[in-house]
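Hi everyone, thanks for coming. Let me put the structure up, and then I'll walk you through a few places in it.

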Amino acid sequence: MSGIISFSSIVLPDWCSTSRRGVRMAAAHTIHAGLSLEAMAIKPPSHPTYDLNGIIKLALAEDAGNRGDVTCMATIPVDMEVEACFLAKEDGIIAGIALAEMVFQEVDPSLKVEWSRKDGDYVCKGLQFGKVYGKSIRQFLKFLQEGPTKITHSLHIGRAHSIVVAERIALNFMQRMSGIATLTKAMADAAYPAYILETRKTAPGLRLVDKWAVLIGGGRNHRLGLFDMVLIKDNHISIAGGISNALRSVDQYLERENLQMEVEVETRTLVEVKEVLQYASQMKTSLTRIMLDNMVIPLPNGDVDVSMLKEAVELINGKFETEASGNVTLKTVHKIGQTGVTYISSGALTHSVTALDISLKIDTELALEVGRRTKRA
């Protein structure tokens, strides 16, 4: 396989052998060599076990298979150097810049990435907002001799190879995250003064990535998983024999285990809201938030009736945080936000994401010409 150095078959000097352990977000100050959390415009949410580097490696591995990029090896000289530019092909909020940089670093630590925008910034169609380029072979060998902090397992020595290999993975992350961030920004602005939340309805394996994009778009994160918040939902209530029984069981469990965490309970009717309030008035409870589920009623004309939701908020009267859920769209979220709820949660932010169109082009002039012809630049 010409054009590739396979480090698995080479004995490297001591300065080349570095640990490949995955970095877990809650335990590390950096998530990749040369890229610190402090340097990020918006940091990812903290998760005790999520391996972000591992997700990047998995994405690259499924692309490379057992041969690597056969098209690159067939068409691109190994000593070719190029510069490629990131091009926005529609308006939106850019997200995933920090993650894309991690992808390029994983493929080839000698690549350089420069940005004119940061995560959370607005980009317009046709804007070139970043570039990636590499060093010559002579520079790269010097880089190795000086002692890099990490060596990838199968590293393309041609810089053009490295850029093209990383291109699709970096763009996949950026496009998905930017789509989430763009919708989140629109929803968050419309929801004010309520805060917009996502849910656990994220792509499998991309939980932290999706929730990071929500933060970049100006939203807030709901619970990261099953471990960081108690959320008593309808099935828990049914199994426990009612809301009061479920709340009592949670309070007893937290006290027994000496745990302190947020507790939310789902309510579907005003009767259930009243039952929760009655329980809380009689018992010491860890309850912090009441979810008001499907209290936004869709109308035949496309509008929504929020009177039930507003009545529930008035009943609670600030005793607990409130969260509206169900029938939340970009069209309805403003009206919901005016009811006085603290939060509005929307699964659509992540489960129905429309990717923002972004490309990485070496011949930017031709790309812009084609984009103008197709109304995409």
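Before I point at anything, a word on labels: helices (H or I, at least four residues) and strands (E, at least two) are DSSP runs, numbered from the N terminus. Residues are numbered from 1 along each chain as its sequence is written, and side-chain values use heavy atoms, with hydrogens and water left out. This is a predicted model, so local features need pLDDT of at least 70 and side-chain atom pairs count only at pLDDT 80 or more, while totals for chains, interfaces and linings use all residues.

Let's begin with two asparagines. Asn327 sits in the loop between strand E16 (321-325) and helix H11 (333-337). Its phi is positive, about 60 degrees, although Asn327 is not a glycine. Is Asn327 buried or exposed, or something in between? For this I use relative accessible area: buried means under 20%, exposed over 50%, and partly exposed in between, with a 1.4 Å probe and protein chains only. Asn327 comes to 35%, so it counts as partly exposed.

The other one is Asn258, in the loop between H8 and strand E12 (263-267). Here phi is near 55 degrees, again a positive value in a residue other than glycine. Asn258 has a relative accessible area of 68%, so it is exposed.

The peptide bond from Tyr192 to Pro193 is cis, with omega near 15 degrees.

Now let me zoom out. The protein chain has 13 helices and 18 strands. Of its 377 residues, 49% are buried. I take contact to mean heavy atoms within 4.5 Å. Among contacts between residues at least 6 apart in sequence, 75% join residues at least 24 apart.

Leu208 lies in helix H6, and with a relative accessible area of 1% it is buried.

That brings us to helix packing. The axes here are lines fitted to C-alpha atoms, for helices over the stretch in contact, and angles run from 0 to 180 degrees between N-to-C directions. Helix H5 (residues 159-191) and helix H6 (residues 207-216) have axes that come within 8 Å and cross at roughly 45 degrees. That makes H5 oblique to H6; angles under 35 degrees count as roughly parallel, over 145 as roughly antiparallel, 65 to 115 as roughly perpendicular, and the rest as oblique. The crossing of H5 and H6 is right-handed, meaning the near helix is turned clockwise from the far one by less than a right angle, with anticlockwise giving left-handed.

Which residues meet there? From H5 we have Phe173, Arg176, Met177, Ile180, Ala181 and Thr184, and from H6 Val209, Asp210, Trp212, Ala213, Val214 and Ile216. By class, the contact of H5 with H6 has nine nonpolar, one polar and two charged residues. In this scheme Ala, Val, Leu, Ile, Met, Phe, Trp, Tyr, Cys and Pro count as nonpolar, Asp, Glu, Lys and Arg as charged, and the others, Gly among them, as polar.

Next, helix H8 (residues 243-257) and helix H9 (residues 270-282): they pack at about 40 degrees, with their axes 9 Å apart. That makes H8 oblique to H9, and their crossing is right-handed. Ile243, Ser244, Leu247, Arg248 and Asp251 in H8 meet Glu272, Glu275, Val276 and Tyr279 in H9. The contact of H8 with H9 divides into four nonpolar, one polar and four charged residues.

Last stop, the aromatics. Rings of Phe, Tyr and Trp (its six-membered ring) pair if their centres lie within 6.5 Å; planes under 30 degrees apart count as stacked, over 60 as edge-to-face, and the rest as tilted. By this rule there are five aromatic pairs. Phe86 and Phe104 have ring centres 6.1 Å apart and planes at 85 degrees, so this pair is edge-to-face. Phe86 is in strand E4 (residues 83-88) and Phe104 in helix H3 (residues 97-107), 18 residues apart. Both Phe86 and Phe104 are buried.

Phe86 also pairs with Trp115: the centres are 4.7 Å apart and the planes at 35 degrees, so that pair is tilted. Trp115 is in strand E6 (residues 112-115), 29 residues from Phe86. Phe86 has 0% relative accessibility, whereas Trp115, at 22%, counts as partly exposed. Together, Phe86, Phe104, Trp115 and Phe129 form one aromatic cluster.
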